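Take a look at the structure below. This report is a short tour for a reader new to it.

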Amino acid sequence: MLSAKDRLIIALDVDTTEEALSLVEKLQDYVGVFKVGMQLYNSEGPEILKKIHSLGGKIFLDLKLHDIPNTVGQAASVLTRHGVFMYNVHTAGGSEMMKKARESADKVSGQNGSIRPLVIGVTVLTSINQSILENEMGVSRSVEEQVVSWARLAKESGLDGVVASPKEIRAIREACGEEFVIITPGVRPEWAAANDQKRVMTPREAIASGASYLVVGRPITAAADPVDAAKRIVSEMEEGLKC
Ligand code: C5P
């Protein structure tokens, strides 16, 4: 079973290589994975991945691919060649697109003998509420029904897991089983500010609800002492693992 530390993903939401590597150097003994999202990747390009890897960091490449199946399949081959630990695609892109992403991960890692990256689906973004889902996207299901439906589709299409809000963890776990990976942002310890996150859970609650990995950004990266903040969050996650 993964340890609490292995399950903690730090969001490197910064613009520069210098800021990102400073966080990796400080935190890599205390956390499991570093998340490179569209801000850092679009600013520094694929070089940043090599630099984080050279410091021994594992990477979640959070680029949320969403395009026609062939384009996503080709892009997924490139991401697999970068040797990242996991990357993601939008489940809204449909089953054929998700299957292509998984096939590329299998094919490229099989050819170069590397470990296959986990391929993760993004379900309903936590910034989308019921009213936006209905009125702007034309979806009449509840957010939870939509998330669970997309999580099922992701699983059937060969994906390893999904990103979802902490509130949906239990329903996804029930629908998709124990092995399915559930990654959740929107995690806030009681001692940290919520910032712009609206539907939050503590690290202990999120792990106790069945999350596989937690994504945490500002409560650690903006803390006066990021190492101390990471250690406190890992110990709260350890409590959750005992539940
Ligand atoms: O600083 P904070 O802990 O809020 O960072 C959360 C990270 O998780 C950010 O990188 C954000 O983009 C990401 N995320 C999120 N909600 C989603 C998907 C991703 O907060 N639904």
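What follows covers the ligand, its surroundings and a pair of aromatic rings.

## The ligand and its pocket

This is a predicted model. The space taken by the ligand is the largest pocket.

Which residues surround the ligand? The shell is made of A11, D13, K35, T126, P185, R188, Q197, V215, V216, G217, R218 and P219. By type, five of the shell residues are nonpolar, three are polar and four are charged. Two elements, β8 (213–216) and α10 (218–221), each supply at least two residues of this shell.

D13 has a polar side-chain atom 2.7 Å from an oxygen atom of the ligand. For K35, a polar side-chain atom lies 2.9 Å from an oxygen atom of the ligand. T126 faces another element: its polar side-chain atom lies 2.8 Å from a nitrogen atom of the ligand.

How much of the ligand does the protein bury? Taken alone, the ligand exposes 470 Å². The protein buries 83% of that.

## An aromatic pair

A pair of aromatic rings is described by the distance of the centres and the angle of the planes. This structure holds one such pair. The partners are F85 and Y213, with ring centres 6.3 Å apart. Their planes stand at 70°, and planes over 60 degrees apart count as edge-to-face, so this pair is edge-to-face.

Where do the two residues lie? F85 is in the loop between α4 (69–81) and β4 (86–90). Y213 is in strand β8. The pair therefore ties together parts that are 128 residues apart in sequence. Strand β8 also supplies at least two residues of the shell around the ligand.

How values were computed:
Residues are numbered from 1 along each chain as its sequence is written. This is a predicted model: local features need pLDDT of at least 70, side-chain atom pairs count only at pLDDT 80 or more; totals for chains, interfaces and linings use all residues. Side-chain values use heavy atoms; hydrogens and water are left out. A residue is near a molecule or strand if one of its heavy atoms lies within 4 Å of it. A polar contact is a pair of N or O atoms within 3.5 Å; within protein, one must be able to donate a hydrogen and the other to accept it, and residues adjacent in sequence count only if both atoms are side-chain atoms. Accessible areas come from the Shrake-Rupley method with a 1.4 Å probe; for residues, only the protein chains shown count as cover. On a 1 Å grid over the protein atoms alone, a cavity is a set of points where a 1.4 Å probe fits but cannot get out, and a pocket is an open set with protein on both sides within 12 Å along at least five of seven lines; lining residues have an atom within 4 Å of a point. A molecule sits in a cavity or pocket if more than half of its atoms lie within 2 Å of its grid points. Helices (H or I, at least four residues) and strands (E, at least two) are DSSP runs, numbered from the N terminus. Ala, Val, Leu, Ile, Met, Phe, Trp, Tyr, Cys and Pro count as nonpolar, Asp, Glu, Lys and Arg as charged, and the others, Gly among them, as polar. Rings of Phe, Tyr and Trp (its six-membered ring) pair if their centres lie within 6.5 Å; planes under 30 degrees apart count as stacked, over 60 as edge-to-face and the rest as tilted.
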